[in-house]
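Student: Please take a close look at the aromatic ring pairs in this model. I would like one connected account.

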Amino acid sequence: MGGFSAVLATVVAFAVTFLLGFWAIPFLKRLHFGQTILEDGPKWHHSKQGTPTMGGIMLAIGLFVAVAAAVIFAFITGNSLKTELLSDSNRSARWLAAAALALCMGAIGFFDDYIKVVKKRNLGLTPRQKTFAQLLVCAAYLIALLFSGMHTTRIPFLGDVNIMSGVGLIFWPIALIFIYGFVNAVNLTDGIDGLASSVTLVVCCAFMVIAGVTKSFGANMLAAAGAGCCIGFIMWNTHPAKVFMGDTGSLLLGGLVVGLSFAVDYPILLIPAGIVYLLEALSVVLQVSHYKRTKKRIFKMTPIHHHFEMCGWSEEKIVFVFSFVTLLGCILAILPVLIH
């Protein structure tokens, strides 16, 4: 019966996110909440000027409603999710903390988007403000994991590693950087129509499988809700996009995929599953560091999806190829869990 909660979460998340588009997009247009395109971005993106942004609100509402519906359904039917919630407080706390991480990161993105579209400052929050807020949320999330009884982390083929003493204590500062880095890497991936939502859809499906194998019913349901939200949003965000998710959506999705990796107790598996996020962030780091030293560029433009745009790839081709690469990475992430 636990699987029905995941199915319900997917359907509700898709329906709510998709249907909200009929109201949210005209509403954002009326408020003139349109995207301002950076001057140093691809010149052909200037045609997207004024496309409604802050569509991540649709994702946030869809995720919240889907999770609430699945939990209510679990208590009505008495399925495995209810059993987990009542008898395994540690595991339940982790997926609930993951959902909270996603929504809190989305809230930071909302304030960033609000400043961009209302104050007409395209860069939104200052880097210092955004970094401080994100690190604060990351630290609170890790404290929640600690109090949930997370004293070990799993590494494929090595098993559980103690993170409460000795060398294992290094896990916590690394985890802080890991969470902050991945959340912002997902944010960098949101640069062309449908890319972040399509890649994250694949990642959520991978964590659905991993959660199913490890019998993490809450994480399975949360991943299913995330997948449903992505599908619903893709209906409005494929090229040419009728709405952008903005930082509201990209930071929410970043928090979600990171939270899911910790909820199934395999954060290290986000490295192969989130290979596209990593490549996007790495391209920016390499470009900036190389340019500072040599005044020359490695890529035509970063993040790397813009490089392929400059090479003549269509947005649809980039979305397809990057999603396929993500699928390969997700297969690599799932295999050790299946073997174990």
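Tutor: What follows covers the ring pairs and their surroundings. The model is predicted: local features need pLDDT of at least 70, side-chain atom pairs count only at pLDDT 80 or more, and totals for chains, interfaces and linings use all residues. Residues are numbered from 1 along each chain as its sequence is written, and side-chain values use heavy atoms, with hydrogens and water left out.

The structure holds 14 aromatic pairs. Rings of Phe, Tyr and Trp (its six-membered ring) pair if their centres lie within 6.5 Å; planes under 30 degrees apart count as stacked, over 60 as edge-to-face and the rest as tilted.

Take Trp23 and Phe27. Their ring centres are 4.9 Å apart and their planes meet at 15°, so this pair is stacked. Both belong to helix H1 (residues 2–30); they are four residues apart, so about one helical turn separates them. Helices here are DSSP runs (H or I, at least four residues), numbered from the N terminus. Trp23 is partly exposed, at 48% relative accessible area. Phe27 is partly exposed too, at 30%. Buried means under 20%, exposed over 50%, partly exposed in between (1.4 Å probe, protein chains only).

Phe308 and Trp313 make a tilted pair, 4.5 Å centre to centre with 35° between the planes. Phe308 is partly exposed at 22%, and Trp313 is partly exposed at 25%.

Elsewhere, ring pairs link Tyr141, Phe171, Trp172, Phe178, Phe182 and Phe262 into a cluster.

Technical notes: Helix = DSSP H or I, 4+ residues; strand = E, 2+ residues; numbered from the N terminus.
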